[in-house]
Amino acid sequence: MDQPIDQCLDTFWQGEFTLRPAPPEPPAPALPDLAPDLAHLLAPLYRHLTE
Amino acid sequence: MYVLHAQWRVDGRLGVWAEDGGAFTGRGREGSRHPYACPAAEVAALLRAVGPGPAWLAERGDERWLTLRLPTLGSRPTPSPDLPVGSTARGPELRPWRVPALLFDLPEAAQLLGELFDPYWPGTTVELPGGRAVELAYGASLRWLTGVHDLAWRLAGRGRVLPALVAEPGGWAARWRPAHDPASRREARALAAGCPPVARAEDGHEPTGGALFATVLEALTDHETRVALGEDAPELPGGPAWVAALRGPDGRLPAPPDPAQVARLAAGAAGTEPLGLVRLAFRLTEPLGTADDDPDATVVDENWRLDVLLGPVDRPSLLLPAAELWSAGPGAAALARTVDDPVAAYLAELDRAARLLPELRAALHRTRPTGIDLDRAGALAFLRDTAPALAAAGHGVLLPAWWQRRPRLGLAATARTTAPSSVRRAAQADRDALLDFRWQLAVGRQTLTQQEVDELAAAQAGLVRFRGRWIEVDAGQLAAALRFLAARRDDPQLDAAALLRLAATDGAVVDGLPVTAVHADGPLGELLAGRLGRLPGARRTPPPPGFTGALRPYQERGLAWLDALGRLGLGAVLADDMGLGKTVQTLALLALEHARGARGPVLLVCPTSLVGNWQREAARFAPRLRVQLHHGPDRTAPDPAADLVITTYGVLQRDAAALRAVHWRRVVADEAQHAKNRAARQSRALRSLRSGPRIALTGTPVENRLAELHTVLDFANPGLFGTPESFRERYAVPIERSGNRDAAAALQRLTAPFLLRRLKSDPEIGQQLPAKQEFTVRCNLTPEQAGLYQAVVADLLGRLGGIRGVERKGAVLAALGRLKQVCNHPAQLLRDRSPLGGRSGKVERLVALLQEALAEGDRALVFTQYAEFGALLQPHLRRRLGTPVLHLHGGLTAPRRQELVDRFQDPDGPGVFLLSLKAGGTGLNLTAANQVVHLDRWWNPATEDQATDRAHRIGQQRDVQVRRLVCTGTVEERIAELIDSKRELADAVVGAGEHWLTELPTEQLRELLTLSADATGA
């Protein structure tokens, strides 16, 4: 469907997104998503990242 | 008024440029230069005005030009809406415009985006040099990039990242990738969907919003994670090399990583579920290739096509080609009914899949991505590595059907019956045919012609077309195979035994090459196919001339099997159940070979008790064979002119040198389990004999331990089943310790061609035997027995505290023996020659049972493992029953034993035959009895069954009743329960010794041995 040109130009220049501040509840690290052996190996790095 | 814009370039650098409202009307057009974009120095001035951070960064930006495709009206680019210059005329088109810009490398770009992020205010007022205050708006492209950066920074700082190994233009690298939680995934989707097109305006490179978002987020996440880890990140010793590259500023790897690690990490990072309501499927289609009917083999198409299909998550059967998304077809309409924005959902999933298949990124950069073309190497990589990873990530994968069944390149071992003149090396199969053994190259089970080998060698490795099918060829493996063939085409180690062994071994490998096919014709082919011996329809060999008996159908099949192995020069283990006619089948084979003209003596080794039996059976069934007895003190040297020389294991040991001097046409070991102890002298003497193909006869190939089976197999075919140690490691330990079914099945496959075992319980054979009923008869102890029993137990338990190791085992075994003796009769333990009457519950019960049997006209075998108890019991039973009682034990000469057997088998013979289990438990034919009593328990059910089979065998006319006498509440009863459970193991070709008893902890021993209250029945 054709849109008015002004609307097309607005879309081009502005997109359709909204910036938001960070959510208040931080999620848990993704370490458990790793296989157990890798999780064990990389645990010190994740601790260093988040502590 | 200025508007600041930002561009994430395809080279990974950030370009920052600005529109100047003041220049909008003033500056004229100069070619493709943007007429009102600020000079780069002015952009730097604007950044310096924003704050100290951007000011510091502004010094580090390179002044360059960007070329952007911007909406153009007439001859001018349109202004961004933030620039307050009023409305524009109609008719825009995208045209390239050059704008001056500051370019920043990734570290500075990330820092700048962080500085400029402001979710509340899309701009600021800044003071330019000279004190001029101006409005500075942050254009959407810049704001969008600050938003992506903020997300990356938060993911890094909260540990929502996962490592990945990625191939980049400069080589492989270890990267930190975003690992979304539900909230960040929603945020990411919104940012990807809302990407302003101006952010994608770089000329010549116009990615989709989702693709640009993924590229920027990944780059920034990796960078911010490394920044957050800092220089003091802990080192991780001991991990794979790529782990080190996760720390520090440089993620590049010195060498390509292990593909398995790449796939493992990629599959984990891609998740296992679709993001939204759409599920993708990837369909690989092979190229058309050359037309089959085209004699010139013109290549029609060499491209493999990977099409993307999609459908609703909850309707796996509905799959549309992606191209239909942009058509108005019914499929797209159906999809639109269940998914709000199918295109956006499709692109998001495609982006997820691109993590596993980076080539998809190229498709994402097109306006309407529907799939990609792959070359052969790409197709092979997709089939081998990517497809399983995509499937694991929850995508559908549709592969050509042949891939799952693709044949492997390997070796074929072949044996062909052929005319003698045409072979260089051959084995004598029989007088008419020779076998030619060869290695050949094979694809799956198909052997290759020389021309095909040449073609394969000339073809490139990878996916190759062979006989109209695609196969995967590994260049290294092909070269190794060709080298192998050049060196070993006529391998002297390849013979019938090796061929059978290769066929029985799953995943057989020779010199590192898989053996994918084993082919043979003639009898060897029948053996390979398992068509000999077992199946009711298997080939049968009728009784040969010179054999005067009749053979049952299963015996004719056994004869065919024995004959086939012998003609191939292979040994045989005939392990039919007791009573199924192993003797008859062996004699039929010897008669058959004799009738064919085979000459030279066959040595038959058997226990002393069976010498007479063999002699009589040979005279009866194979009267043309010249038989010599090599037995007894007056024995003469083996006669080379005899057809069959019968000897015993004892004589074999004594006359080893003389018997070794003869080259026997065959050696037959009857009751071959007698030679089960590999280290024993008679076993060594047996194995050292020089002979043609050997035969082992045994009704119990596994009496106690699988090591015994190896000894018997190794006698028949020396060396074929590996060393005792390797056999133990591969089969005996896994099967005996943990009942490993795979190992048991592998052992059965390996031994199947060489070991033939039919059971009385086989339906066909069972019909030819009368029924067997088994009972456990419980007896009570007398008070005298109970007192002695408790004394033995107390003595043992009292001693166990102070001894260990071998001494402890010895004490436990001795006590077990004494307890069994008490259960039999106090006089057996005390050895005091005291009268037997009324002192043993078991003996009283035995007398009653026998009286009843005799009254019915039945006749009974009574087995005991103690010869001395038999000696005590014989006169007692004779007195109590008033009838003669025969007693066979190891102390008797062979003729005397035979005489007793003959007397019992006579229709008017005595009604009760007392036998020691060891001397009378095997080999004898005692079908005159229809009652069997086991007076004391042997730990091994196979030994008892063997003894029972003296009566329950071919020739038995009546049903057989078997009774096992067990003293209630004693170790006998508890062991009986254990034996019943062990019998299942024995049926699965597994045995166990009694040594486990000696290793029980004292508490468990106490439970096993202690007399329970019901023992005396009082």
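Me: At what angle do the axes of α4(B) and α5(B) cross in this predicted model?
Reply: Helix α4 (residues 140-157) and helix α5 (residues 182-193) of chain B have axes that come within 11 Å, where axes are lines fitted to C-alpha atoms over the stretch in contact, and angles run from 0 to 180 degrees between N-to-C directions. The crossing makes α4(B) roughly antiparallel to α5(B), a term for angles over 145 degrees. Contact, meaning heavy atoms within 4.5 Å, is made by residues including B:W144 and B:L151 of α4(B) and B:E187 and B:L191 of α5(B). The angle is roughly 160 degrees.

Me: How are α3(B) and α4(B) placed relative to each other, roughly perpendicular or roughly parallel?
Reply: Helix α3 (residues 106-116) of chain B packs with α4(B) at about 105 degrees, their axes being 8 Å apart. Angles of 65 to 115 degrees count as roughly perpendicular and those under 35 degrees as roughly parallel, and therefore α3(B) and α4(B) are roughly perpendicular.

Me: On which side or sides of α33(B) do its buried residues lie?
Reply: In α33(B), B:A894, B:R897, B:Q898, B:L900, B:V901 and B:F904 are buried, that is, under 20% relative accessible area with a 1.4 Å probe, protein chains only. They cover an arc of only 160 degrees around the axis, taken from the directions from the helix axis to the C-beta atoms, which puts them on the same side of α33(B).

Me: How are residues numbered and chains lettered?
Reply: Residues are numbered from 1 along each chain as its sequence is written. Chains are lettered, in the order in which they are written, from A.

Key
This is a predicted model: local features need pLDDT of at least 70, side-chain atom pairs count only at pLDDT 80 or more; totals for chains, interfaces and linings use all residues. Side-chain values use heavy atoms; hydrogens and water are left out. Buried means under 20% relative accessible area, exposed over 50%, partly exposed in between (1.4 Å probe, protein chains only). Helices (H or I, at least four residues) and strands (E, at least two) are DSSP runs, numbered from the N terminus.
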